Amino acid sequence: MRLQQFCSRLKNCGGGACKSLPLPLFSTKNITMYYIQQNILTEIIQTIGDSPIESGGIIGWRNHTICTYYFDKTNIQFEAEYTPNVEKLNQIIKHWAKDGVTFIGIVHSHPNGYNRPSISDEIYVRTLMEDNKSLTKLIFPILTKVNGNIKIDFYEFVEKFSPIKVICVE
Ligand SMILES: [Zn+2]
């Protein structure tokens, strides 16, 4: 993923809706668990999984369940790294906020089964969070395809990337 300024308007979209709700997330030792709706997971697989590598999109959540996804089909293929269409994504995030959905992360695909965030992913996420102080956490799924088999590994970034378990719900 390539670094590009991604929205001072994100500032308006963090927190809010989720903060007053009970937290259905829990931790077992070092692994945090979250939830994702089955239809969203399917949509991610059908869009990014069916596109050239380094495709991506954004995800939103409500009640700590990932419930919204936008496929960034207008992203710019540049130096073989996912480069978000910043202007369009900011519009989407603003629209989500009206429905009480908070932007929570970026999903993209990697080549060659490389299922961990890259150095440039880390630089990107650090910069994004420094620019948007209300973003205290980011969920960062990475999709890989090996021999036609699609796999998604979920990470969260708080001060660094950590693997997380995400449970699929109807
Ligand atoms: Zn990446």
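Trainee: How do you know that α3 has the span it should have?

Mentor: Take helix α3, residues 119–131, with its 13 residues: at 1.5 Å a residue they should span 18 Å, and the end C-alpha atoms are 18 Å apart, so the two values agree. Keep in mind that this is a predicted model.

Trainee: Which residues of α3 are buried, and what puts them on the same side?

Mentor: The buried ones are Asp121, Tyr124, Val125 and Leu128. They cover an arc of only 95° around the axis, and therefore they sit on the same side of α3. On the other side of α3 you find Ile119 and Glu130, which are exposed.

Trainee: What do the buried residues of α3 pack against?

Mentor: Their partners are the strands β8 (138–139) and β11 (155–157).

Trainee: Which residues of α2 are buried, and why are they said to be on the same side?

Mentor: Leu89, Asn90, Ile93 and Trp96 are the buried residues of α2. Their arc around the axis is only 120°, which puts them on the same side of α2. The face turned away from that buried side carries the exposed residues Glu87 and Lys98. As for partners, the buried residues of α2 pack against β3, β4 (65–71) and β7.

Trainee: What follows α2?

Mentor: Glycine 100 follows α2, and its phi is positive, near 75°.

Trainee: What makes β7 a mostly covered strand?

Mentor: Count its residues: in β7, residues 102–109, eight of eight are buried. To be buried, a residue needs 20 or more other C-beta atoms within 10 Å of its own.

Trainee: How do you know that β7 is paired with β3 and with β9?

Mentor: Pairing requires at least two bridges between two strands. Six bridges join β3 to β7, and these strands run antiparallel; here glycine 60 stands opposite phenylalanine 103 in β7. Two bridges join β7 to strand β9, residues 142–146, and these run parallel. In that pair, histidine 108 stands opposite isoleucine 142 in β9.

Trainee: Why is aspartate 50 called exposed?

Mentor: Aspartate 50 has 10 other C-beta atoms within 10 Å, and the cut-off for exposed is 12 or fewer. Its count falls under that limit, so aspartate 50 is exposed. You will find aspartate 50 in the loop between α1 (38–47) and β3 (56–62). Aspartate 50 and lysine 145 are 95 residues apart in sequence, yet 9.6 Å apart in space, C-alpha to C-alpha.

Trainee: Which members of the largest nonpolar core touch the most other members?

Mentor: Of its 32 residues, they are Ile59, Ile66, Ile104, Leu138, Ile139 and Phe140. Isoleucine 139, for one, touches Tyr34, Ile59, Ile104, Gly105, Phe154 and Glu156, leaving aside residues up to four places away in sequence. In soluble globular proteins, nonpolar side chains tend to be buried together.

How values were computed:
Residues numbered from 1 in each chain as written. Predicted model: local features only at pLDDT ≥ 70, side-chain atom pairs only at ≥ 80, totals over all residues. Helix = DSSP H or I, 4+ residues; strand = E, 2+ residues; numbered from the N terminus. Expected span 1.5 Å × (residues − 1). Arc of directions from axis to C-beta. Contact = placed C-beta atoms within 7 Å. Core = buried A, V, L, I, M, F, W, Y, C linked by C-beta atoms within 7 Å.
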